[in-house]
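Visitor: I have a structure open and want to learn how to read it. Where do we begin?

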Amino acid sequence: MSERVKTDMGGATAALDLDAALMLRVKEGDGASFGVLLDKHRSSVVHFLFRMVQNHAVAEELAQEVFLRVYRSRGTYEPTAKFTTWLFRIATHLALNSLRDGKNERSQERLDDDTHDMPVRQVADIRPSAEQSMVYQAKLKEIRRAISALPDKQRAAVLMHKYEEMEYSQIAGVLSCSESAVKSLLFRAYETLRARLAHLA
Amino acid sequence: MNCPLESRENAGQLLDYCTRKLDPDVAAVLERHIAICPACREFADHQRAVWQALDAWEAEPVSADFNRRLYQRIDQQVSWWERLMQPLRPLTLRWNAAAAAAGVVVVMAAGLLLNPPPAGPTVANIPDTPQVESVQPEQVEHALDAMDTLAEFSHHVKDSADAKM
Amino acid sequence: MLATAIGLGAQKGNPKQAPPPAAQRIAPLKGAPRGDTKGFPKGQQKGPGGGRLGNPANQFERLIAMPPERREQVIEKLPPAQQERLRARLEKWDALPAPQKALRLELLNRYASLPAEQQPAYLHQIEAVNNLPPQRQTAVIRELRQLWHMPEDQRQARLNSDDYKSRFSPAELEMLGTISASNPLPGR
């Protein structure tokens, strides 16, 4: 949730989200503000990219590129949109490029490779049984396949809608399309996912 | 009310209902409809099931050295111009374009006279053997960066040409 | 390496409200190479291209042409952090399909044939175009595709026209001016 702050810009007052205010300070040369933005958004960017390209190493590399571009663009940054809209626009753009170029064709983790999919957070005294683990792995495989089967833009829209909890208007800003186009993307995507995943509940 | 599933436009309302983003009054009306409409009830049930399934897909934590690697890349890619100018620019100083332009000219001239840009990067002190040659890693990485940038641009130009067809 | 700020979020919405570029430290390309098309100068595509910066194309091509064992011997001489980074990037390169590799090498050599002092500015502007919001990117590329085929006097007239000044921000005009001087793409 963005926090609204007021700041002076060249004499005029404007309401900015906090992230945009931080980015303006980065523009002024405040490296610490870049660190704040990085720490705040790093995980969500990496996780979004991971679910897009389904390869953790590639996702981290793309995320590095995202923040590198944010840093490089600091000199001409203007808060014409929410900071996260801009951030995810860069991330989506790089993810779509990566998928289009097939860069991770040979490096994409095989969907039946279970080693990366075990949840890291496990409460020590509640260990899944072998059977529970197998059920979990099977479920995860179906989820990843279902997401992977979505067209790239539908995939991006669903991931932003579900995991980043973005509003239609913000997703539209990221994908540079209308809100009605976003709703259409989501409707078709969820229709596909309902057909493939509803039985898992 | 008309069944939302009769049109895609209205079906989005069901989606918003499932994510609790509907206005409470509208949600209440929709809820009464769902109670008597099997198709809408099934939609809502299946949609919740999809979200529950997606909730199970956790991502790995970000690598502990992510920030360090990023700052290393940023540091590597800062140009020699910025390195020259960094001592003259306090972090909180608002950059005055006119003063900057004058300062750049002076600093660059001084820099070129006093501190010629390095001919190559870091491996100059590693002696070459007759068998194994060295490369300049920054140049290799610059080549890779340049190729990525140019290839992306090439895609955009191609997409633009294809769109016109 | 890639120093000057690149506009990105600024270009969303009305381009006329985009701010002027940051204090300009790198002079844009002026003038165009001789010739009818705005390709890179003939006979220079394999040339050294670079002065003090060396020729990255040569360095890179030398490295990828080495047998794996020899490449590894070269990389092992580097500091550990650089080793790790270079290995990862070369692994990505190796995984590219052959046509992608060929295209990228062609692009690299055409870029490397530019005078060394022009290369950073040129690449900055290419990246700036890559980072534009889609509608602005389409508009800029559409103009570039025309500018590349214009005689020099017509190209300059178009760049300085009131029409361009009303349709493009100062940052976009800089992109158009720099990139239209030399077409980086083969076969155009």
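Guide: Start with the elements. Helices here are DSSP runs of at least four residues, and strands are runs of at least two, numbered from the N terminus. Keep in mind that this is a predicted model.

Visitor: In what order do the elements of chain C run from the N terminus on?

Guide: The order is α-α-α-α-α-α-α-α-α. That comes to 9 helices and 0 strands.

Visitor: What percentage of chain C is buried?

Guide: Of its 188 residues, 41% are buried. Among contacts in chain C with a separation of 6 or more, 76% join residues 24 or more positions apart.

Visitor: Now a helix pair. At what angle do H5 and H8 of chain A pack?

Guide: Helix H5(A), residues 130–149, and helix H8(A), residues 179–197, pack at about 155°, with axes 10 Å apart. Angles over 145 degrees count as roughly antiparallel, so H5(A) is roughly antiparallel to H8(A). Their crossing is right-handed.

Visitor: Which residues meet there?

Guide: From H5(A) come A:Glu142, A:Ile143 and A:Ala146; from H8(A) come A:Leu193, A:Arg196 and A:Leu197. By class, that contact has 4 nonpolar, no polar and 2 charged residues.

Visitor: And between chains? How many residues of chain B are in contact with chain A?

Guide: The size of an interface is often given as the accessible area lost when the parts come together. Here we count residues instead. Chain B has 32 in contact with 36 of chain A. Helices H1 (8–18), H3 (38–55) and H4 (66–77) of chain B each supply at least two residues of the chain B side. H3(B) gives the largest share, 8 residues. The chain B side divides into 17 nonpolar, 7 polar and 8 charged residues.

Technical notes:
Residues are numbered from 1 along each chain as its sequence is written. Chains are lettered from A and ligands numbered from 1 in the order in which they are written. This is a predicted model: local features need pLDDT of at least 70, side-chain atom pairs count only at pLDDT 80 or more; totals for chains, interfaces and linings use all residues. Axes are lines fitted to C-alpha atoms, for helices over the stretch in contact, and angles run from 0 to 180 degrees between N-to-C directions. Angles under 35 degrees count as roughly parallel, over 145 as roughly antiparallel, 65 to 115 as roughly perpendicular and the rest as oblique. A crossing is left-handed if the near helix is turned anticlockwise from the far one by less than a right angle, and right-handed if clockwise. Two residues are in contact if their C-beta atoms, placed from the backbone, lie within 7 Å. Ala, Val, Leu, Ile, Met, Phe, Trp, Tyr, Cys and Pro count as nonpolar, Asp, Glu, Lys and Arg as charged, and the others, Gly among them, as polar. A residue is buried if 20 or more other C-beta atoms lie within 10 Å of its own, exposed if 12 or fewer, and partly exposed in between; C-beta atoms are placed from the backbone.
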